[in-house]
Amino acid sequence: MKIQLENVKPADIEKRSFAIITQELGARQLPAENESVIKRVIHTTADFDYVDALRFSPDAVAKGIRALQEGACIVTDTQMAYSGVSKPALAKLGGQAFCFMADEDVAQSARERGVTRAACCMEKAAALGKDCIIAVGNAPTALVRLYELMEEGKIAPRLIIGVPVGFVNVVESKELILAQDKAPYIVARGRKGGSNVAAAICNALLYQATGRSL
């Protein structure tokens with residue numbers, strides 16, 4: 001079977017994709033503040049379920065943008081999410097991205113204590129002493145430990161992006177973040193999520209913070 005591909009210039013592909021997303025949403029009205037985040041997640045996943053799955057605390061997007069504009073760093077729980085975050089956009093704002101999963105001290109601590117590296121990564125994030133956005137796309141144990149550290153007064157994230165994917169403790173870890181009132185959040189309720197979703201949300205905030213249209 002021969003397929004005739006539409007001739008679309010590379011620079012226009014993203015714009016066309018967002019136009020298609022808007023068209024397929026039809027009459028569905030998205031909250032203006034959250035629209036760019038929701039659409040970028042759909043663009044990344046081709047999954048319109050995120051229209052309903054993504055939950056935002058009041059002014060979460062505005063608070064995330066303000067944090068980035070004030071130089072907040074981004075801490076991810078996976079190298080994949082770290083790789084997906086736009087470093088040029090972050091650098092324009094004076095911020096940095098971190099992922100501690102491959103650090104030897106994190107691996108050693110996890111082995112000695114019988115806990116996950118992701119949990120130890122949150123402890124290392126707390127020790128940074130920096131304003132930070134925590135973006136979790138894979139490990140529910142990262143969200144659980146983050147919640148505990150907040151309760152202990154050891155970390156106060158400027159924003160939590162809680163979108164781990166999977167079946168074991170995923171839903172429960174997200175519900176912990178939804179129930180707390182110590183930090184603003186963007187959470188993908190249910191089992192769906194992933195490192196690509198975490199990076200997409202970070203980039204949606206970064207692009208708005210730097211004045212990019214998409």
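Reader: Let me begin with a single residue. Where is the place of Asp59?

Author: First, keep in mind that this is a predicted model. Asp59 sits in the loop between S1 and helix H4 (60–69). Its phi is near 60°, a positive value in a residue other than glycine.

Reader: Is Asp59 buried, exposed or partly exposed?

Author: Buried means under 20% relative accessible area, and exposed means over 50%. Asp59 has 44%, so it is partly exposed.

Reader: Which other residue has a positive phi although it is not a glycine?

Author: Ala46, with a phi of about 60°. Ala46 belongs to the loop between H2 and helix H3 (50–53). Its relative accessibility is 66%, so it counts as exposed.

Reader: Which loop holds Asn34?

Author: The loop between helix H1 (10–25) and helix H2 (35–45). Asn34 has a relative accessible area of 11%, so it is buried.

Reader: What does Asn34 touch, apart from residues up to four places away in sequence?

Author: Phe56 and Val61. Phe56 leads us into the sheet: its bridge partner in S6 is Ile186.

Reader: In what sense does strand S1 run against S6, parallel or antiparallel?

Author: Antiparallel. Strand S1 (residues 54–56) is joined to S6 by three bridges.

Reader: Are the faces of strand S6 covered or open?

Author: Check each side of the strand in turn. In S6 (residues 185–188), Tyr185 and Val187 are buried on one side. Ile186 and Ala188 are buried on the other. Both faces are covered.

Reader: How many bridges join S2 to strand S4?

Author: Four, and the two strands run parallel. S4 covers residues 132–136. Within S4, Ala135 is the bridge partner of Thr76. Strand S3 (residues 97–99) also pairs with S2 in the parallel sense, over three bridges. There, Ile74 stands opposite Ala97.

Reader: What do S5, helix H10 and S6 make?

Author: They make a right-handed β-α-β unit. H10 spans residues 170–179.

Reader: How are two packed helices described?

Author: By the angle between their axes and the distance between the axes. Take helix H9 (residues 140–151) and H10: the angle is about 30°, and the axes are 8 Å apart. Angles under 35 degrees count as roughly parallel, so H9 and H10 are roughly parallel to each other. H9 passes H10 in a left-handed crossing.

Reader: Which residues in H9 meet H10?

Author: Pro140, Leu143, Val144, Tyr147 and Met150. In H10, they meet Val170, Ser173, Lys174, Leu176 and Ile177.

Reader: Are H8 and H9 roughly parallel or oblique to each other?

Author: Oblique. Their axes cross at roughly 40° and come within 7 Å. H8 passes H9 in a right-handed crossing. The contact uses Ala118, Ala119, Met122, Glu123 and Ala126 of H8, with Thr141, Ala142, Arg145, Leu146 and Leu149 of H9.

Reader: Which residues in helix H8 are buried, and what covers them?

Author: In H8 (residues 117–127), Ala118, Ala119, Cys120, Cys121, Met122 and Ala125 are buried. Their cover includes S2, helix H7 (104–113), S4 and H9. Just after H8, Gly129 takes a positive phi of about 70°.

Technical notes: Residues numbered from 1 in each chain as written. Predicted model: local features only at pLDDT ≥ 70, side-chain atom pairs only at ≥ 80, totals over all residues. Heavy atoms only, no water. Buried < 20%, exposed > 50% of the residue type's maximum accessible area, 1.4 Å probe, protein only. Pairing = 2+ DSSP bridges. Right-handed = clockwise from strand over helix to strand, strands pointing away. Contact = heavy atoms within 4.5 Å. Axes fitted to C-alpha atoms, helices over the stretch in contact; angles between N-to-C directions. Parallel < 35°, antiparallel > 145°, perpendicular 65-115°, else oblique. Left-handed = near helix turned anticlockwise from the far one by under 90°.
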